[in-house]
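Work through these exercises with the structure open beside you. Try each task before you read its solution.

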Amino acid sequence: MTQGFAQSSWKSSDYRKENYRKVVVLAKTSNPGAKRLAKTSNPGAKRLLEDQTVAELQANGIQAIPAYSNITERDLASENALIAKADQLEADALLVYNFNPLTSEYKNGPSVNANLGIPVKVGIFRGFLGTNVPIAGGPKQVQKFSGSVSFYNRQSSDMQWNLGIGGKIGSDATKQARSVAKKAVKAAVRDGIF
């Protein structure tokens, strides 16, 4: 069962790979899709995804920090405020998750039915009166998330890299966040961002 999948990526033709002092990981979780992705409150979703991504980056030898414990709303109020905070943190790159609203679809699964009834004899005719009752399976609602991961650095105020992401909402939030983070970092490394 796929918990999350990476889709197509894009990289700026101007991008030049650098050694970054620190990468700040920011998960924007103000919409319902991101909240449900982590199956928890807004701060919990943000922390879970940021922490998992920081762990994946560090496992690949890239120094990273989560935004939730290092950047405040005031730091995001303007570009100058964010640059000042980045200088203070010695960070020169930003990895940002954005999510679209959730979508739902119904999938048919195998179903198990039971026949309930009684045999009946009416004159010379014999038959069965009853019904077929579903016990398990059948149509199931599946919720999906979609969004993107974008990379910014000090070379330009424009986005340098973007990866579309998405998948089914799973029951294990930590496993799902780890899966999304692992696939995003793997794609960034593969595309020569780090």
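## Exercise 1: Aromatic pairs

A search of the whole structure, which is a predicted model, finds six aromatic pairs.

**Task.** Classify the pair of Tyr20 and Phe194, and state which parts of the chain this pair ties together.

**Solution.** 
- Step 1. A pair of aromatic rings is described by the distance of the centres and the angle of the planes.
- Step 2. For Tyr20 and Phe194, the centres are 6.4 Å apart and the planes are at 85°.
- Step 3. An angle over 60 degrees counts as edge-to-face, and that is the class of the Tyr20 and Phe194 pair.
- Step 4. Tyr20 sits in the loop between β1 (5–11) and β2, and Phe194 sits in the segment after α4 (173–190), so the pair ties together parts 174 residues apart in sequence.
- Step 5. Tyr20 and Phe194 are both buried.

**Task.** Now classify the pair of Tyr97 and Phe99.

**Solution.** 
- Step 1. The ring centres of Tyr97 and Phe99 lie 6.3 Å apart, with 5° between the planes.
- Step 2. Planes under 30 degrees apart count as stacked, and Tyr97 and Phe99 are a stacked pair.
- Step 3. Tyr97 has a relative accessible area of 0%, and Phe99 has 6%. Buried means under 20%, so Tyr97 is buried and Phe99 is buried.

Ring pairs also link a cluster: Tyr15, Tyr20, Phe151 and Phe194.

## Exercise 2: Strand β2

**Task.** Find out which way each residue of β2 points, and which strands pair with β2.

**Solution.** 
- Step 1. β2 covers residues 23–27, and five of its five residues are buried.
- Step 2. Val23, Val25 and Ala27 point one way, while Val24 and Leu26 point the other way.
- Step 3. β2 pairs with β3 (residues 64–66) in the parallel sense, over three bridges. Within this pairing, Val25 has Pro66 as its bridge partner.
- Step 4. β2 also runs parallel to β4, joined by five bridges. Here Ala27 is partnered with Tyr97.

## Exercise 3: Helix α4

**Solution.** 
- Step 5. The buried residues of α4 include Gln176, Val180, Ala184 and Ala187. An α-helix has 3.6 residues a turn, so residues three or four places apart point the same way.

## Exercise 4: The nonpolar cores

**Task.** Which element gives the most residues to the largest nonpolar core?

**Solution.** 
- Step 1. This core has 32 residues, and those touching the most other members are Val23, Leu57, Tyr97, Phe151, Trp161 and Phe194.
- Step 2. At least two residues each come from β2, α2 (42–59), β4, β6 (125–153), β7 (156–168) and α4.
- Step 3. α4 gives the most, with eight residues.
- Step 4. Beyond its neighbours within four places in sequence, Tyr97 is in contact with residues including Val25, Leu49, Ile165 and Val180.

Notes
Residues are numbered from 1 along each chain as its sequence is written. This is a predicted model: local features need pLDDT of at least 70, side-chain atom pairs count only at pLDDT 80 or more; totals for chains, interfaces and linings use all residues. Side-chain values use heavy atoms; hydrogens and water are left out. Buried means under 20% relative accessible area, exposed over 50%, partly exposed in between (1.4 Å probe, protein chains only). Helices (H or I, at least four residues) and strands (E, at least two) are DSSP runs, numbered from the N terminus. Two strands pair if DSSP finds at least two bridges between them. Rings of Phe, Tyr and Trp (its six-membered ring) pair if their centres lie within 6.5 Å; planes under 30 degrees apart count as stacked, over 60 as edge-to-face and the rest as tilted. A nonpolar core is a set of buried Ala, Val, Leu, Ile, Met, Phe, Trp, Tyr and Cys residues joined through side-chain atoms within 4.5 Å. Contact means heavy atoms within 4.5 Å.
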